[in-house]
Amino acid sequence: MIVPEAAPLVEADGLVKHFGGGKGPFTPHRPPVRAVDGVSLTIRRGETLGLVGESGSGKSTLGRLILRLIEPTSGSVTFDGQDIAQLTKRELTQLRKRMQLVFQDPFSSFNPRMTIAQVLTEPMVVHGMGDRESRTRRAKELLDLVGLPSFAMERYPHQFSGGQAQRIGIARALATDPDLIVCDEAVSALDVSVQAQVLNLLKEVQRELGLSYLFIAHDLNVVRYISDRVCVMYLGKLAEVAPADDISERPQHPYSQALMASIPSPDAHHQLRTPLAGEIPSPRRPPSGCRFHPRCAQSVDGCDRDEPELLTIGHDGDARSVACHLFDPTPAR
Ligand SMILES: Nc1ncnc2c1ncn2[C@@H]1O[C@H](COP(=O)(O)OP(=O)(O)OP(=O)(O)O)[C@@H](O)[C@H]1O
């Protein structure tokens, strides 16, 4: 669905989020958790931007910063041309309607005592949309859009399977007619066959409504399937940003290569690369220089000293950005 020249919907610039740190009355000084440590990215209209990385790399924190569910330590987010930190409370409420979140576990985000009709109409009530009759009509349309029958309206969340519940979660996110949905590990808890159905549903909904997704997952296989472009995140920073096909076929950053090599594949070419070894270090004390260097099979002298910049080659739909000293930004002939 990528439209290379499509206008940006979201622009994050130099986002930083540090948690805690400092010295308490009874505790020695502790460095903060550098969950997100200088991330800039663009989500275009109608595109799916994937965000992949191991657990603890800062993906959910970045998603929450973009939705302004948490305040950044520094940096900014622009949504449809508006700096979201500058909005009044009223403007922010208006904006909330346009950006929604789909969680990993839909059950935990539903009130078990609400019928599905109430679950779906609640966001419309909160945002003052329509009257009772039109909200009920829209809830039925949303159920139809996500492939569930209208008799589901009178049932309760526990009467549905995990896949059906996630369809309801998607319908609820669509209730306010958003421009952006952040899907945070939205299919991770589902069986592989159900995962595929929910991913295809997300794609269909996007085709129909033209909305953008920030699709967060630790599973690169899932991310490359649904995304137009993929951001690979490691310890609070972006290691690589590239079109989804390039990430799977020609990953440039050693971390992206290791993630790809960790996916079982019939393609011998992928198996030649070294899969990921060791554990992700603590974001309280990230390694010096390139944060990936202690685990990198290709690290050279200097990788532990200088922090690599995210260098970009190409433009629009072809653009690829890589933060690695080994990356040659000269365009291939
Ligand atoms: N509210 C918080 N207070 C302190 N540390 C936090 C907080 N939220 C997240 N962190 C820490 O920030 C780091 C990044 O967490 P985050 O959840 O963003 O990573 P993630 O890539 O989404 O991983 P996962 O897939 O496990 O959720 C982790 O070390 C986490 O423990």
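Biologist: Across which strands does H6 lie?

Modeller: Helix H6 lies across E6 and strand E7 (180-184), and runs at about 170° to E6. Helices (H or I, at least four residues) and strands (E, at least two) are DSSP runs, numbered from the N terminus. Axes are lines fitted to C-alpha atoms, for helices over the stretch in contact, and angles run from 0 to 180 degrees between N-to-C directions. Two residues are in contact if their C-beta atoms, placed from the backbone, lie within 7 Å. Please keep in mind that this is a predicted model, in which local features need pLDDT of at least 70 and side-chain atom pairs count only at pLDDT 80 or more, while totals for chains, interfaces and linings use all residues. Residues are numbered from 1 along each chain as its sequence is written.

Biologist: In what order do the strands of the open sheet follow one another?

Modeller: Strands of a sheet pair through backbone hydrogen bonds, either parallel or antiparallel. Here eight strands form an open sheet with mixed pairing, in the order E6-E7-E8-E3-E9-E10-E12-E11, where two strands pair if DSSP finds at least two bridges between them. Its edge strands, each pairing on one side only, are E6 (99-102) and E11 (311-313). Within the sheet, E9 (residues 229-234) and E10 (residues 237-243) run antiparallel and are joined by six bridges, and tyrosine 234 has lysine 237 of E10 as its bridge partner. Helix H10 (residues 254-261) packs on the sheet, where it touches strand E3 (48-52), E9 and E10, and its direction makes about 105° with that of E9.

Biologist: How do H6 and H7 cross?

Modeller: The axes of H6 (residues 162-174) and H7 (residues 192-209) come within 10 Å and cross at roughly 20°. The two helices are therefore roughly parallel to each other, a term used for angles under 35 degrees. The contact involves residues of H6 including Gly162, Arg167 and Leu174, and residues of H7 including Val194, Leu201 and Val205.

Biologist: And which residues are closest to the ligand?

Modeller: The ligand is surrounded by 14 residues, of which the closest are Phe19, Ala35, Ser55, Ser60 and Thr61; a residue is near a molecule if its C-beta atom, placed from the backbone, lies within 6 Å of it. Strand E2 (33-44) and helix H1 (59-66) are the elements that give two or more residues to this shell, and H1 gives the most, with three residues.

Terms used:
Parallel < 35°, antiparallel > 145°, perpendicular 65-115°, else oblique.
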